[in-house]
Amino acid sequence: GGCELALAQAAFPGCPLGSAKPGLQAPGNFIKEDQTMMDVGSLVSRKAQFVPAFFQAIKNGFKCHKHPMSELSEDDAMQEPQDEVFKAMQNMSKASYHNSV
């Protein structure tokens, strides 16, 4: 989503974005198809490379466009999301069946 993209861009500035798969429908309302993949070059280690970069971005003051849940009023926090992903999940639960315990 949008917050993840913004954090990735803060952690890995200058890394090019692209489409993870041609014709892919991007999730949510904030990112485009051509922003669903970031080329981070030769980076491969979550512990040694990715996590430190994310923590550094946060330490440097990264802020997401969304407000933290702790700052929402009770009325706002109780409202159901209205984005496409949430609606698709609701429709899946209506059209699927499971008998797991």
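**View 1. Buried residues of helix α1 in the predicted model**. Helix α1 spans residues 2-11, and its buried residues are G2, C3, L5, L7, A8 and A11. Buried denotes a relative accessible area under 20%, exposed over 50%, and partly exposed in between (1.4 Å probe, protein chains only). Helices (H or I, at least four residues) and strands (E, at least two) are DSSP runs numbered from the N terminus. The model is predicted: local features need pLDDT of at least 70, side-chain atom pairs count only at pLDDT 80 or more, and totals for chains, interfaces and linings use all residues. Residues are numbered from 1 along each chain as its sequence is written, and side-chain values use heavy atoms, with hydrogens and water left out.

**View 2. Packing partners of α1**. The buried residues of α1 pack against strands β1 (17-18) and β2 (37-38) and against helix α2 (46-59). Contact here means heavy atoms within 4.5 Å.

**View 3. The disulfide of C3 and C64**. One disulfide, defined as a pair of cysteine sulfur atoms within 2.5 Å, is found in a search of the whole structure. C3 is joined to C64 with an S to S distance of 1.6 Å. The link is left-handed, with -55° about the S-S bond. Because C3 lies in helix α1 and C64 in the loop between α2 and α3 (74-78), the pair ties together parts that are 61 residues apart in sequence. C3 is buried, at 18% relative accessible area, whereas C64 is partly exposed, at 25%.

**View 4. The cysteine C15**. The closest cysteine sulfur to that of C15 belongs to C3 and is 19 Å away, too far for a bond. C15 is partly exposed, with a relative accessible area of 24%.
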